[in-house]
Structures are given as structure tokens and as C-alpha cells.
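Hello,

Here is the structure for you to look through. Please open it first, then read my notes below.

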Amino acid sequence: MVKHQPLQVYEKQVFVSFVTGIYGCRWKRYQRSQDDTSGWECTWFLILCSSFLLLLFWAYFWLVAQNDFNDFNWLVFNRSGEWRDETIPIITCTTVGFSYITFLLILALFHVSLGQQLNLYWVHKIGVLATLLTTISGVVSVDDIWRDEWDILLVSLQSTAPFLHIGALATVTAMSWLVAGYVVRKERSNIQVMVLLIYIIILVAVCLAPLTFTCPCIMDRHSLKQRPDIIGRRGAPMLAPENTMVSFNRALQHGASSLEADVTISVDGVPFLMRDNTLRRTTDVRKVFPARQYEDASFFNWTEIRSLNAGQWFLETDPYWTVKTLTGKDRSRIGNQTVCSLVEMLRLASRANSSALLNIRKPPPEHPRYRSWFMDTLWAVQKAGISQKRVTWTPDTDRGRVRGLKQTASEKLSVEEIRQRGITSLTLHYSKASHKDIQEYLANNVSVTVYPVNEPWLYSILWCSGVPSVSSDAPQVLRKVPYPIWLMSRNAYSFIWITSDLVSLAIVIGIFCFQNYHMIRWRISGMQNYNPEQIMLSAVTRRSSREVNIMKEKLIFSELNNGLSSTDELSLYPDNGYARYSHGGLSR
């Protein structure tokens, strides 16, 4: 006699329902399957992985590119004519997209580890595709308008490579559980061998990656040179309008040893400070001279330039999100700023006993002062009363006419060219100043100033490289860096590197051995406990669900006909709990 009991009794699988429900909208047990994933769904899994890797690269790029956000917004302004912080929507979209893709990838990996069939819901497929295409369009756009910024990725690795290595090693080690489960738990095939070989290659590459690292801060502490001097690039433009007296005062208050400014010559021969070719961004020229707002700044006379307000734009646009930190007195002072002349800035530098670095923009050929710009600038230096030895300027031209003034080259030159031209100072972009080049210049008594340096990590690696001075938009930030953010001896890093690799290899080998031992034990146990039909049922994992269900029903009635007692327990699929026979009844 068979005791009739309900056949639809399931063990609750809340976690599995959560994973399959969110990933593939398969909330019910009958909707799930442990059959092999179709080739189409495997393709979507590869697209998901590719999207994750691309977004990881994209997010890292914007993380390290914070050093140059001001330059990015300036480039966008030169193209669009409107000043706004374009980095905010980019970072927001990147954060949302990366979080979404990472969440889906985690769910997909849970599917693999639980033996569930992958079936990405169509809404997620649209979301993944939209995220991927948006990221690709962003990469193409940056390559178009900001191509030189890709260099910061290689520069940043000088600081982040040791930490990225540890993270990559931990990730590859964790992935060994999934790889071992895939390789061990199924019958051997060419695909499994390929997966195993690819994993081994990746693991070895990650373990040996530190051999390619060039990290200046891996050095002996006693070899660390003096802290680099900080030059206020256009003053402190994050705290006050650039190239104004308030901005230069703020830079000096935050420890800047020198001031850097952009010099333009007016139509009547007065050198004044202006970065842009026009006056639209940093003055109210649209209100005062609306018909001339697109005219070159050098074609205004000094009286017209002096009548413009050069501070109100900073309060209105808040380009660095710092206006809310200003006091009422500071806002009033900033709102009344006018365009600063070169004489005013040099007098301030002289009173503060600091130096000045001038980036002079030559007037266009049709300008009235095209041939006399040099004398106009020299006259301003003499009128300010500052020692000529404390004034350095670019471009490196008319060297024969410069007597007593320092000139610096803003291009990367070989040591031979430097000697031939008699140059003693270089002002280089950080992407052009490698650790090897800096050491070579310093060994030949050539002073190097690197710009722009706004983040502590970049300041730290340049400090470890021995750079004498850096030009920064954020002296208030670098002031808070009394020591490199990390410094490690080569022996200490080698110990950490080798130990991490050995621990990772030991864990990977242990996981593969555990998975293999567990599988062998499970198979032996199954051979002892299963009848021939059960063994046959376990071997047909590649058959359709309908065929498997028919075989399960035959097995159930076969066991009942053989006279199983009510206390015997029949387990067809220990892993999924599809059917079991216990306490005198059959439950499914």
C-alpha cells in the first residue's frame, strides 16, 4: 500500500529565488532550470563581462583624472562657449552604470556557482546594451577632445599599481572556486581544458605583474629628497577667481612659494593677466561690451579692461563647488575684483619675498604691440621693483635680449639640446616628465617644475622622484601633504609581493583539491547508494527537462514496487531537492 500524500512539497529556496528572480525574472521554482546555458545566453554573459571591464576602466580613468577636471571644463568651454562643470553628469552616470553592471555580474556568478541556467531578463539586456553603448560613446568623445589625458593612466600606475595588484590577485583567487567547480564537476571536454589554461595564464600574469612596475615611492626613506615647493598656478583658483589679487593672496596664505600667471598685452601696451583668448568666461564683457565679447582680449585697451568685473562670474558659476565655504566678507571682496595687471601681481610677490613664473602670450601679428611685447613686459617687471632673478618666463625666445631674467622651456628636450641652448630650467606637463627623465635632468643640474599637480597621489610620486617644484591649482590641498601618502622600501615590498603570491597559489591549489575530493567522494557515495536507474538518471544531465522528468517518475515507481518502507528515504537529486521519499510517503 502506498500512502497518499501531497506530491508538491518543496523546501524553500529564498536565496535562489532572489538571484534568479532579479537576474532573469524567474521567481517560481518551475521556471528555473539546471540545464546547460544556451549559446545565446552565454553571449549575453560575455557582453555583461565586457561591459563590466570597460566600465571599470572608465571609472578608474575619471577617478585619477580629478587632477585635471579644471582643464577638461576649460576645453569644453572653448568648444561650446558656455562654462559649466561637465564632470558632474559624467561621474553620476558612470557611478550608476558601474553599480548596475556590477550587481548583474554578481548575480550571474551566483547562477554559475549554484548550477542555475543563465537567462538574463530582456529589460536587463536593454539596460546592459544601453550602458555599454553610452560608455563607448563617452570613450570616443574623450579621445576626441581630451586625447592627451589618457597619459594619466600610466602615470597613476606609479602610485596605484601595488594596490591594484593585491586587488587583482584577490579577485583571481576568488574566481578559482567557480573555475574549479566548472572543471571538476563535469565530464572532461575541450572547453574545460581551455578555461583551465586561460585561468592559469591569467593567474601567472597577475602574480608576475610587479616585475613590470615602476613606482618611485618604492625607495629607501633616507633617499627621500626635500619637499617640492608649491607654485600657485593662477593663484588659488579653487578658492577665488583665477589671476586676481584675491587668488594670489590666498595662494600665499596656503604656503605657495611662488606665483604663476598668464600674461596678455593690451592694445596700449599694458601687460595684464588673462588665461583665455577672450574675456567672456572670467569677466562681464557681455554686459559692458556686448558687441565685442568675442573679440581677442589683447585688442582692448587698459581702461576698458579695468572697467570689467572679474569676480562675479566665480560666485555665479561656482566652478569648484567652494563658494558655500566663503564668508560674507570674502564674497563681497571677490564680487568687486577687477582684472589684475602684471605690475600688481609682481609687487605682491615682491612684498611676500616669493618668485613669479610668467606664461606670456604673444600678441597676434596684426596687433600694434606685436614687435614691442617684450619691452612692455620688461618695463612692467622693472616698474614692480621685484628682483629680476626671481622672475622666470616662457616662451623661451629672444634669449639674447633677456639679461638678468630667467627663461624656462616648456617642451621636453634632451640633455644635449639643453646644454646647447643654455637652459637651466624646464616647466613640463606631468605626462611628459617620467621618473627616468627627471633623474637625468637633475643629474645635469637642470631644475624641473611639473604642472598641473592638484592631487596628493601625484604630488607624492613627484616628491619621491625628486622634483624641486610643482605648479598647482590647489595649494590648499597640497599643503596638507606633509609626507608622501605611501613610502616603502624595496625589500618590504618584495616580501609583501612574494608572500601574497604564495598565499594566493596555496588557496587556489587548496580549492581545486577540495573540489576534486568532494566530487570523487560524492560519486563514490552515489555508486554505493543508487540503483542502476538512479545512476542512469544522474548521467543524463544533458537531456531535455521532459525526458529527465519521465525518468524520475519511472524511478519513483520502481522504488515503490521494490518495497521501500515508509521510513526509507529516496534522494534523486541531492543538490536540487526535486524529489525525496521519507516517512512513509513521497514528496516532490
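Which residues of H5 are buried? Keep in mind that this is a predicted model. The buried residues are His124, Lys125, Gly127, Val128, Thr131, Leu132, Thr135, Gly138 and Val142. H1, H2 and helix H4 (87-114) are among the elements that cover them. Helix H5 itself covers residues 122-145, which makes 24 residues. From its first C-alpha to its last, H5 reaches 35 Å. That is close to the 34 Å expected at 1.5 Å a residue.

Next, the cores. The largest nonpolar core has 67 residues. Within this core, Phe61, Trp62 and Leu426 touch the most other members. Helix H2 (residues 39-64) gives the most to this core: ten residues. There is also a second, separate core, with 31 residues. Val263, Cys340, Ala356 and Trp373 are included in this second core.

Take a look at Trp62. Set aside its neighbours within four places in sequence. Trp62 is then in contact with Phe69, Phe72, Thr87, Ile90, Thr94, Val142 and Trp146.

Now find helix H3 (residues 69-80) and H4. Their axes come within 11 Å and cross at roughly 115°. Angles from 65 to 115 degrees count as roughly perpendicular, so H3 and H4 are roughly perpendicular to each other. On the H3 side, the contact is made by Phe69, Phe72 and Asn73. On the H4 side, Thr87, Ile90 and Ile91 take part. Four of the residues in this contact are nonpolar, two are polar and none is charged.

Last, some backbone details. Which two residues does a cis peptide bond join? They are Tyr451 and Pro452, with omega at about -25°. Pro452 sits in the loop between strand S8 (447-451) and helix H17 (456-465).

Two residues have a positive phi without being glycine:

- Cys25 has a phi of about 55°. Its place is the loop between helix H1 (14-24) and H2. Cys25 counts as partly exposed because its relative accessibility is 31%.
- Arg234 has a phi near 60°. Look for Arg234 in the loop between strand S1 (229-233) and helix H8 (245-253). Its relative accessible area is 7%, so Arg234 is buried.

Best wishes

Conventions: Residues numbered from 1 in each chain as written. Predicted model: local features only at pLDDT ≥ 70, side-chain atom pairs only at ≥ 80, totals over all residues. Heavy atoms only, no water. Core = buried A, V, L, I, M, F, W, Y, C linked by side-chain atoms within 4.5 Å. Buried < 20%, exposed > 50% of the residue type's maximum accessible area, 1.4 Å probe, protein only. Helix = DSSP H or I, 4+ residues; strand = E, 2+ residues; numbered from the N terminus. Contact = heavy atoms within 4.5 Å. Expected span 1.5 Å × (residues − 1). Axes fitted to C-alpha atoms, helices over the stretch in contact; angles between N-to-C directions. Parallel < 35°, antiparallel > 145°, perpendicular 65-115°, else oblique. Nonpolar A, V, L, I, M, F, W, Y, C, P; charged D, E, K, R; others polar.
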